[in-house]
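Reader: I am new to this structure. Could you take me through the words used for it, one at a time?

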Amino acid sequence: MKRLIIVDDEKNIRQGLRAMIEREFPSGYTIETAGNGAEALELFQRERADIIITDIRMPVMDGMKLLEHLSTGSGAGEGPAVVILSGYDDFEYAKSAIKYRVKDYLLKPIRRDELFDILERIDKELKNQEQSELKLEQEAEKFRKELRSTRLRALLMQKDVQLEREEQEALKDLAFPFTLGVLNYYYSDGSRMKPEEVEGLIERLNGPLKSMFMETLTDWDGKLVLIGRHKQSFEELSKQAEARELRGLLIGISSECQSFDDIRSCYLEACRAMQYTFLYPQSNYIDFEEVREGRLSFPAPEEELRKLLNMLGTEREKEMKSLLAVIFQTEHLKLLDLSYLETVGRKINERVLDEVFRVHGEASVEVLKLYRTVGNMYNYRHFHDYYRALEHLLIDLNEYIMGVRSAHTEHADMKEALAYIEANYFRPLNMAMVSNHVSLNYSYFSEAFKAYTGESFVLYLKKVRIHHAKRLLAGSRCKLAGVSEAVGFESGKQFARVFKELEGISPGEYRAKSLMEGYFARDDQEL
């Protein structure tokens with residue numbers, strides 16, 4: 001409700017204006033009246049008014065003097081909205097009050113519609129002004145917050161950041177000592193919730209963050225960073241998440257931060273603490289003080305990695321799984337220093353996986369996708385998820401390499417089989433003889449031969465024999481029976497039947513056709 005002061009030395013006018021305004025705007029204004037400028041100034045100084053309606057000619061202090069005092073006592077844009085009451089004989093005199101930011105003039109006798117129009121316009125202007133001021137203040141606050149977050153983020157992410165005195169002043173409400181925490185929410189598939197969604201989730205759990213933490217910001221990696229006065233704030237948040245079974249919310253907190261110089265080291269401690277949730281599937285909250293010391297570490301398992309690489313592509317899947325457990329020291333898992341697991345994960349990539357793809361080229365699309373994910377163990381919520389995915393990838397690679405080696409071996413066997421057929425087609429040849437020659441099981445050889453050539457063994461042998469028969473028919477005077485015997489057919493009848501089956505004509509017709517084509521070819525050369 002706006003405050004309005006009516007100033008006039010005539011009581012009837014004061015009361016009449018008040019009655020009109022209260023009837024038209026029953027809950028719009030708190031109205032007070034004054035008989036002269038001095039009384040009005042005292043009321044204004046006691047409590048600021050939004051609007052003043054004042055007469056010009058009054059005893060003790062007239063309207064112009066009142067405007068002068070109001071103007072002197074208010075900064076630019078801060079004075080009340082003023083409406084002047086004037087008669088016809090002092091109207092020109094009243095117009096000079098424009099320098100005092102007068103909003104409008106009302107000539108006596110006062111008309112209701114004019115008064116109401118002026119008040120509605122002033123009300124609209126005041127609302128617009130309030131909205132502009134509020135928007136300006138919101139933008140200023142947003143800028144201050146962004147500037148503050150930028151400086152804090154610089155302290156988190158960069159070494160040896162020196163804050164100017166003004167920047168330290170902007171952060172003066174950070175009451176040392178405090179605890180710094182980082183938070184992330186992981187879905188079951190390993191993907192992460194956006195930081196603004198994490199913030200909303202926390203506020204639904206425990207109310208507005210401002211009530212619990214001094215500062216909220218997001219780091220470069222999309223983790224939510226909270227600065228709290230006590231560790232209890234983070235512990236309470238963890239308990240609320242557990243009660244709601246929000247297993248994906250992970251929290252890491254630092255030791256106490258004593259000064260601006262400690263902020264970066266505390267941030268790194270909190271990040272490291274949160275990473276340790278990787279080893280504890282049942283924990284969503286880790287205090288860096290609890291994992292700072294006493295962690296186990298071991299020399300890099302170079303020899304075991306070499307053995308693992310050698311095992312890929314063999315029938316040693318069970319041994320390979322056992323070796324992987326030794327490499328990662330899984331029996332000591334909950335006591336391990338994360339740096340050991342990070343070293344092993346990196347060396348698995350470099351010494352095993354990269355080497356496989358260097359030697360054998362790209363595997364299937366599915367294997368490649370898994371390889372890209374497994375390349376960083378922190379793509380997974382917990383170590384067990386990473387370990388299972390790595391184990392699955394190694395098994396897939398093992399099968400892939402076995403397949404590559406098998407295909408290479410089969411390729412060599414089939415080439416040898418075809419060479420043997422080409423060298424012995426004229427003999428009484430069958431599939432058993434050829435499969436024995438390349439030392440392959442008869443049934444397996446049959447399937448492998450068809451896969452390699454696209455044809456059955458019998459059909460392939462027929463085509464080889466007919467191919468050589470066509471050369472003899474076209475290039476020699478040998479009788480048909482002789483040609484049949486020369487290429488390995490048991491009888492001339494069988495030879496003729498197979499020849500016509502594959503070529504569409506009889507051996508005799510083929511010879512006649514070849515002789516005729518040869519005759520015309522010689523004539524063309526002579527011409």
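**Strand 4, then two residues**

Author: Let us start with a pairing. Strand 4 and strand 5 (residues 102-107) pair in the parallel sense over five bridges. This is a predicted model.

Reader: What makes strand 4 and strand 5 count as a pair?

Author: The cut-off is at least two bridges between two strands. Strand 4 and strand 5 have five bridges, so they pair. Within this pairing, Val82 stands opposite Val102 in strand 5.

Reader: Which other strand pairs with strand 4, and in what sense?

Author: Strand 3 (residues 51-55) pairs with strand 4, in the parallel sense. Five bridges join them. Asp55 stands opposite Leu85 in strand 4.

Reader: Why is strand 4 called largely enclosed?

Author: Strand 4 covers residues 81-86, and six of the six are buried, so the rest of the structure largely encloses it. Ala81, Val83 and Leu85 point one way. Val82, Ile84 and Ser86 point the other way. Both sets are buried.

Reader: Now a helix residue. Why is Val374 called buried?

Author: Buried means under 20% relative accessible area. Val374 has 1%, so it is buried. Its place is in helix 14 (residues 365-374).

Reader: What is Val374 in contact with, beyond its neighbours within four places in sequence?

Author: Val374 is in contact with Asn349, Tyr380, Tyr386, Ala389, Leu390 and Leu393. For each, heavy atoms lie within 4.5 Å. Leu353 is 21 residues from Val374 in sequence, and 10.0 Å from it in space, C-alpha to C-alpha.

Reader: Why is Gln275 called partly exposed?

Author: Its relative accessible area is 26%. Buried needs under 20%, exposed needs over 50%, and partly exposed is in between. The value of 26% falls in between, so Gln275 is partly exposed. Gln275 is found in helix 9 (residues 263-275).

Reader: Which residues is Gln275 in contact with, leaving aside neighbours within four places in sequence?

Author: They are Leu338, Glu342 and Tyr378. Ile251 is 24 residues away from Gln275 in sequence, and the two are 9.1 Å apart in space, C-alpha to C-alpha.

Reader: And the chain as a whole: how many helices and strands does it have?

Author: It has 21 helices and 10 strands. Of its 527 residues, 42% are buried. The chain exposes about 29600 Å², with carbon and sulfur atoms supplying 50% of that. Among contacts with a separation of 6 or more, 65% link residues 24 or more positions apart.

Note on methods. Residues numbered from 1 in each chain as written. Predicted model: local features only at pLDDT ≥ 70, side-chain atom pairs only at ≥ 80, totals over all residues. Heavy atoms only, no water. Helix = DSSP H or I, 4+ residues; strand = E, 2+ residues; numbered from the N terminus. Buried < 20%, exposed > 50% of the residue type's maximum accessible area, 1.4 Å probe, protein only. Areas by Shrake-Rupley, 256 points an atom, 1.4 Å probe, with all protein chains shown as cover.
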